[in-house]
Structures are given as C-alpha cells and as structure tokens.
Amino acid sequence: YEERLRDVAIDIDGDIAMMWAPYDFLIDGKIDHCGVDHIDLVRQDARWKIMNITWSERTTGCTG
C-alpha cells in the first residue's frame with residue numbers, strides 16, 4: 001500500500017491551519033483510487049494538533 005500526495009497546499013492564519021492535497025492510492029504499484037486529503041489543525045501550547053481529517057475517494061479520473 002502506498003499513498004502519494006501531490007501539490008500540497010498549506011494555509012495558516014494565526015493558530016489555525018489547513019492542509020489540502022490531491023492523492024493517489026496504490027496497491028501493488030497500481031492505482032486503486034484517488035482523491036483529496038484535507039486536514040484541519042489548531043495550535044495549542046505552541047504545538048500543532050490535528051482537529052479533523054476528511055478525504056474524498058474515487059476510482060475514475062485518477063492521473064497517477
């Protein structure tokens with residue numbers, strides 16, 4: 001199993017941040033599905049903590 005992220009975008013405003021990245025998920029070297037990973041983060045006590053993780057998933061239109 002391998003997940004490949006590409007074109008990772010990170011936006012930060014004070015103590016909140018968001019990561020957005022298209023991905024391809026491979027099994028035995030072949031694309032099984034693709035989509036977008038999205039992670040919300042908050043900074044507390046000078047440390048970043050994950051608040052939420054969401055993703056989309058599809059089996060068509062994957063670019064590899």
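This is a dialogue on how to read some features of the structure above.

Q: What kind of model is this, and how are residues numbered?
A: This is a predicted model, in which local features need pLDDT of at least 70, side-chain atom pairs count only at pLDDT 80 or more, and totals for chains, interfaces and linings use all residues. Residues are numbered from 1 along each chain as its sequence is written, and side-chain values use heavy atoms, with hydrogens and water left out.

Q: Which cysteines form a disulfide?
A: A disulfide is a pair of cysteine sulfur atoms within 2.5 Å. By this rule there is 1 disulfide, and it joins Cys34 to Cys62, with an S to S distance of 2.1 Å. Cys34 lies in strand 4 and Cys62 in the segment after strand 5, so the link ties together parts that are 28 residues apart in sequence. Strands (E, at least two residues) are DSSP runs, numbered from the N terminus. The angle about the S-S bond is -85°, and the link of Cys34 and Cys62 is left-handed.

Q: Is Cys34 buried or exposed?
A: Buried means under 20% relative accessible area, exposed over 50%, and partly exposed in between (1.4 Å probe, protein chains only). Cys34 counts as buried because its relative accessibility is 1%.

Q: How many salt bridges does the structure hold?
A: Side chains of opposite charge can pair when their charged atoms come close. The rule for a salt bridge is a side-chain nitrogen of Lys or Arg within 4 Å of a carboxyl oxygen of Asp or Glu. The structure holds 3 salt bridges. One of them joins Arg4 and Glu2, at 3.1 Å from N to O.

Q: Which parts does the salt bridge of Arg6 and Asp24 tie together?
A: The side chains of Arg6 and Asp24 meet at 3.0 Å, N to O. Arg6 lies in the loop between strand 1 and strand 2, and Asp24 in strand 3, so the pair ties together parts that are 18 residues apart in sequence. Asp24 counts as buried because its relative accessibility is 4%, whereas Arg6, at 29%, is partly exposed.

Q: Which residue forms a salt bridge with Asp15?
A: Asp15 pairs with Arg43, the closest N and O atoms being 2.9 Å apart. Asp15 is in the loop between strand 2 and strand 3, and Arg43 is in strand 4, so this pair ties together parts that are 28 residues apart in sequence.

Q: Which residues make up the largest nonpolar core?
A: In soluble globular proteins, nonpolar side chains tend to be buried together. A nonpolar core is a set of buried Ala, Val, Leu, Ile, Met, Phe, Trp, Tyr and Cys residues joined through side-chain atoms within 4.5 Å. The largest one has 5 residues: Ala17, Met19, Ala21, Ile39 and Leu41. Strand 3 (16-27) and strand 4 each supply at least two residues of this core, and strand 3 gives the most, with 3 residues.

Q: What is the phi of Asp7, and where is Asp7 found?
A: Most residues other than glycine have a negative phi. Asp7 has a positive phi of about 50° although it is not a glycine, and it is found in the loop between strand 1 (2-5) and strand 2 (9-13). Ala46 also has a positive phi, near 65°, and lies in the loop between strand 4 and strand 5.

Terms used
Helices (H or I, at least four residues) and strands (E, at least two) are DSSP runs, numbered from the N terminus.
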